[in-house]
Every structure is written in structure tokens, then in C-alpha cells.
Amino acid sequence: MVDTLGVAVVGFGWMGRVHTQAYARVPHHYPQLSLRPRLLTVAEEVPGRAEEAAAQFGFASTTRDWRDVAADPSVRAVSITAPNFLHREIGVAMAEAGKHIWIEKPVGLTAEDARAVADAAAEAGVHSAVGFNYRNAPAVETARELIASGEIGTVTHVRVRLFSDYAAHPQGALTWRYERERGGSGVLGDLASHGADLARFLLGDIASLTADTAIFVPERARPTGATAGHTLATGELGPVENEDYVNCLLRFASGARGVLEACRVSVGEQNNYGFEVHGTKGAVFWDFRRMGELGISRGTSYQDQPVSTLHVGPAQGEYGAFQPGAATSMGYDDLKVIEAYRFLRSIAEGTPHGATLADAVHSAAVLDAMSRSAESGSWVDVEVPA
């Protein structure tokens, strides 16, 4: 028997579109799933955008007020892809209304925001998923298994990088992303949140850290009208209030050490995301731009030990749901389909699968620690709110 699950999407920018497309594709890749998502409502305050989404993707209704979604008993699950400053209010309200939640990172502006949504979900008994999509790559899951099995020995250190040029143009519009009140942190919440999750996913909890941040483009032009994506603007200049860059030294509970570096204004870098994990007997290497490949060094040579390339295939992670043979490329949107599947599977089985709000709380605690360290210039402990 297949049950239909009424879903809604709140916030229809680029990420809202990605969630919607993922819902539509889940039955194609996971026909065995006992839940079939049905697109009921899209909520978006920008005039006309919800109607365009409904016409293209087949939502049954539209609204400009997300509270209409919370009040609709036919909606059983909600994607929250609105700006960061709305995450807490919408997330808590949806949980209290009994809706399962698929929410984008960083889940609010602080760890306390993430904890508030997590507590509301726990109190209501609803399931959650969080948009830490890079951990869903089959090569990343394979790396985690290799590390856990001891294939590369005891992990000594890791380097996680997330470099992008999406904010590199000095005429990029001064949108909510650059404001403390609505965006919170800058590259911390946008990219370093992924890095914190990847580091913890691979190596376990981060115990303490020291961080340095910088703003390299201090002023941007205010938009003169509605903006989409990374639109250029020529209006009055205003201050950029949150960081373009972060560099962080990590100490893990395991004793391993790490470096996490992220930048949104790196000219010449397009989604240069990845990691290198070194152990006492080997290493693993992953680059998002070659998502299906994993570099592995293992053996007993120690010195001059070669690195081989594993092209992931149906035996690794969720690869088999997309391609029948190794080395056929998967893409970013496929990772979000996996995320949607694990969210729906959690609801169907009553057991969490994939990244949840608990993971968001841990990631947010790392981001808060980075902010405190950058202000004080000292090492700080990562404090996960209880």
C-alpha cells in the first residue's frame, strides 16, 4: 500500500525550487517507498512567484502567508526554504501544528534558534530533515565508512574547504544575506555550516576551536527593486555586516586536529568544496566538483604510498538509485533527492534517516563558537545548547 503525503514549500527562491523538484523525483528513484509526496501548497510573499511555481510544478494552491500552511490539516510535511531569520518562527510553528519539517541549514541565526526548532519538533513528535546535502554524496559516505573501519589508521588531521565566488563581484546587491538582523552570519551560516557538518560526520564531535574572520567587500549597492539570485546593483552603498571569510583551527573530541576554511568572495573558485582526511596508515580525498570520485591511500608503505581513485558505483551509498554502473556522474540535485527520500522514509518508518535537527544544533554550536573566537581572538569550547 502507498500512502499520499501532502507537502508544502515555504519560500520559493532557488532552494524552494530544488526541494520541489526533489519531491517530484523521489518516486522515480525510490519506487519502493511507501509514501508519495503530493504538492499541496507553495507559500511565497513575493507577488506572483507562488502562482508561477504552481503553474510549473502543479501545487494545488498558493498563498503569500506561511501561516496558512500551518493551519491546513491536509499538509503533513513542510519544506522551509525561507531566509534564515524566519527559520525559528516558521519551524516552531510548523512543528507545533504537527507538520514534519525539512528545513534548510543553518536553521536560524544561532544555536539557540536551532535548538528551539529541534525542541519543538521533539515535543510534537514530528520528524525532521536538514539540508546538509554534501554528506549524502556516495563518495562521502564511503569515506566515512573507510575512516570508521580503520582503513587509514587513527585519524590525525583533516582539512575542509569551501570556496566560492558567488559574492565576489563588488557590485553584487546588498540583499538580506549581508545583514546581521535577517541573515545572521555570512559565510559561516552559508558555507561553513556545511563544513562543520562534514567534519563532524566524518570525524565526530568538535571539542574546541579558534577562528579568524574578515570582510573583504565592506560595502555593496542597495537594490532599487526586487532582486533574484546574485543580481548586480547600482543603488546607494550600504555596509556589509557579516563575514566574507573564515579560517578555523579545530580540535576534535577524538584528539584529531583540523582546519576549516570558507570564503564567498574567492575569485576563480566555483564551488570548490572538499576535504582531505589523514590517518596514521593512509588518507582519503574528496572534491565536490568530481563528486563521484574518492582518492584513497592505504596499505603498509607509509612513505611514498600511492593514491588510487575509486569511482563510486551501485555498492556505495544511494548511488544505485540513480545509475546502474560506476563512474556515471551524479549532480547536486541528486543529493537533494536523497535528502527528500530520507526525510520521507523517516516519516514512513518512524525512525530518523539522514541529517536531522540534532545535527543542525551541533553545526550551529560550532558556528557560534567560531563567532565567539573571532571576537575574542582565543580558543573556545564548542558548547551545544541542552
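1. Helices (H or I, at least four residues) and strands (E, at least two) are DSSP runs, numbered from the N terminus. By that count, Ser301 is found in the loop between β15 (293-297) and β16 (308-311). Ser301 is partly exposed, with a relative accessible area of 46%; partly exposed lies between buried, under 20% relative accessible area, and exposed, over 50% (1.4 Å probe, protein chains only). Ser301 and Lys281 are 20 residues apart in sequence, and their C-alpha atoms are 8.3 Å apart in space.

2. A note on the source: this is a predicted model, in which local features need pLDDT of at least 70 and side-chain atom pairs count only at pLDDT 80 or more, while totals for chains, interfaces and linings use all residues. Residues are numbered from 1 along each chain as its sequence is written, and side-chain values use heavy atoms, with hydrogens and water left out.

3. Helix α5 covers residues 111-124. Its 14 residues reach 20 Å from the first C-alpha to the last, close to the 20 Å expected at 1.5 Å a residue; the expected span is 1.5 Å times one less than the number of residues. Buried residues of α5 include Ala111, Asp113, Arg115 and Val117. The buried residues of α5 pack against α4 (87-96), β5 (100-103) and α10 (357-376).

4. What happens at the two ends of α5? At the start, a side-chain oxygen of Thr110 reaches to within 3.3 Å of the backbone nitrogen of Glu112. Just after the helix, Gly125 takes a positive phi of about 75 degrees.

5. Helix α10 has 20 residues, which should span 28 Å at 1.5 Å a residue, and its end C-alpha atoms are 28 Å apart, which agrees. Among its buried residues are Leu357, Asp359, Val361, Leu367 and Met370. Just after α10, Gly377 takes a positive phi of about 75 degrees.

6. His87 has its place in helix α4. Is His87 buried or exposed? At 0% relative accessibility, His87 counts as buried. A polar atom of its side chain lies 2.9 Å from the backbone oxygen of Ala82, and a polar atom of the side chain lies 3.0 Å from the backbone nitrogen of Gly108. Leaving aside neighbours within four places in sequence, His87 is in contact (heavy atoms within 4.5 Å) with residues including Ile80, Val92, Lys105, Pro106 and Val117.

7. Pro106 is found in the loop between β5 and α5. The peptide bond from Lys105 to Pro106 is cis, with omega near 5 degrees.

8. Arg264 lies in the loop between β12 (257-263) and β13 (272-279). At 2% relative accessibility, Arg264 counts as buried. Its side chain makes a polar contact with the side chain of Asp244 (2.7 Å) and reaches the backbone oxygen of Glu243 at 3.5 Å. A polar contact is a pair of N or O atoms within 3.5 Å; within protein, one must be able to donate a hydrogen and the other to accept it, and residues adjacent in sequence count only if both atoms are side-chain atoms.

9. Asn271 is found in the loop between β12 and β13. Asn271 has a positive phi of about 50 degrees although it is not a glycine, and it is partly exposed, with a relative accessible area of 35%. Ala327, in the loop between β16 and α9, has a phi near 75 degrees, a positive value in a residue other than glycine.

10. The second largest pocket holds about 180 Å³ of space. On a 1 Å grid over the protein atoms alone, a pocket is an open set of points with protein on both sides within 12 Å along at least five of seven lines, a cavity is a set of points where a 1.4 Å probe fits but cannot get out, and lining residues have an atom within 4 Å of a point. Of the 17 lining residues of this pocket, Leu109, Thr110, Ser185, Asp368 and Ser371 lie nearest its centre. Helix α10 gives the most to the lining, with four residues.

11. The structure holds one cavity of 30 Å³ or more. About 50 Å³ of space lies in the largest cavity; grid points are joined across faces, edges and corners, and a volume is the space filled by probe spheres set on the points. Its lining includes Phe132, Arg135, Glu339 and His353. β6 (128-130) and α9 (332-349) each supply at least two residues of that lining.
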